[in-house]
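Dear colleague,

Please find below the structure that I am handing over to you. A short account of the findings follows it.

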Amino acid sequence: LVVLGIETSCDDTAAAVVRGNGEILSQVVSSQADLLAQYGGVAPKMAEEAHLQVIDQVVQEALDKAKLTERNLSAIAVTIGPGLGLCLRVGVRKARKIAGSFNLPIIGVHHMEAHALVARLNERELQFPFMALLISGGHNLLILARDLGQYIQLGTTIDDAIGEAYDKTAKWLGLDLRRSGGPAIEELAREGNAKSIKFSTPMKQHKDCNFSYAGLKTQVRLAIESENINATIPISSASSEDRRTRADIAASFQRVAVLHLEERCERAIEWALKIEPSVKYLVVSGGVASNQYVRAQLDQVVQRNSLRLVCPPPSLCTDNGVMVAWTGIENFRMGRFDPPPPADEPEDIVYDLRPRWPLGEEYAEGRSEAR
Ligand code: ATP
Ligand code: FE
């Protein structure tokens, strides 16, 4: 079994070829980070254009690196949601074109399910049911994975995701945004005193597993204003005193942002064990899961509760094609795939795209337990 995975849901164009046994034959990611830094955010039309420019090349490179041609593939997996419709469309069109020409089955993949399932690629021990905390720029999810395709949503964000808070904090602190904000904050935070600024932890009074990062973002912005930090002066040119203040803010922000994750995970473990007492693992994935401080703190939570933590390597935490290919493999094995599209499919037909696509059912008991 050899599957090509294609991912274009947001700002990275990615493709990878993975074997049924989990062997990664190739992995290619083309990032729009430069564009993002220049324009300060993702504009759908611009992101679509950027995907269109590189998609053919990214897929070709994935095949070349794997030393394969389309003829050697068993199926094609592609992200169909959630994400920006215009962007998803680029990947789906490409996937269907190849699938149509080479008579290959096609698997439509849920981006967040892929973030979770990729943890199973290296960890054969990781069986259902397991818990997953999925933390990225657009999502903040706590789920219980009972089986393939069967998920219970224990918590989600009521406003922003943690990655968005990292990215904004980095921007306001004048950090180098040619790569994403998260790693820049992680690095600067190592120089700072995490207890120097007292940010309050979100949602203390809500006894559920939901998240909120909008309030913390505001607290950070106000702290930056009151310290008179000038974000137009890049950190590389800041005085040593200015740099220390920025590092203190980064460290204090990170401590509270992650404390919020810890508290929610602690409660989610209680909930999950009531539903599935045999749960043994917490998977942490999504871009923010590549953060070493996040991993270390959550490892403590998990150990206190006699569970085990599984974090994919950083290159599989941020958006990538491997997770899409792997989720395709898991579904293909269960007979969940679509037949090859017609070879002459017109390009203007309406594809099955799911820009908004919840992952599983909300945990109904959660509301009463929260009281
Ligand atoms: P989605 O929300 O749809 O899953 P995404 O576009 O946010 O996708 P990801 O690659 O999964 O894409 O996550 C990117 C986010 O992860 C960004 O907000 C980035 O700042 C954050 N991130 C990446 N590395 C780190 C890190 N070391 N520490 C903190 N945050 C990080
Ligand atoms: Fe993602």
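Just after helix 6, Gly174 adopts a positive phi of about 70°; helices (H or I, at least four residues) and strands (E, at least two) are DSSP runs, numbered from the N terminus. Please note that this is a predicted model, in which local features need pLDDT of at least 70, side-chain atom pairs count only at pLDDT 80 or more, and totals for chains, interfaces and linings use all residues. Residues are numbered from 1 along each chain as its sequence is written, while chains are lettered from A and ligands numbered from 1 in the order in which they are written.

Helix 6 itself is mostly covered, with eight of its eleven residues buried (20 or more other C-beta atoms within 10 Å of the residue's own, C-beta atoms being placed from the backbone). Among the buried residues are Ile162, Glu164, Tyr166 and Asp167. Their cover includes strand 6 (130-135), strand 7 (140-147), helix 7, helix 8 (214-226) and helix 9 (240-275).

Helix 6 (162-172) and helix 7 (181-189) each supply at least two residues of the shell around ligand 1. The largest share, four residues, comes from helix 7. Of the 24 residues around the ligand (C-beta atom within 6 Å of it), Gly137, Gly138, Gly163, Gly182 and Gly287 come nearest.

Finally, Ala325 is in contact (C-beta atoms within 7 Å) with Val3, Leu4, Gly5, Ala16, Val17, Val18 and Ala77, leaving aside residues up to four places away in sequence.

Yours sincerely

Conventions: A residue is buried if 20 or more other C-beta atoms lie within 10 Å of its own, exposed if 12 or fewer, and partly exposed in between; C-beta atoms are placed from the backbone. Two residues are in contact if their C-beta atoms, placed from the backbone, lie within 7 Å.
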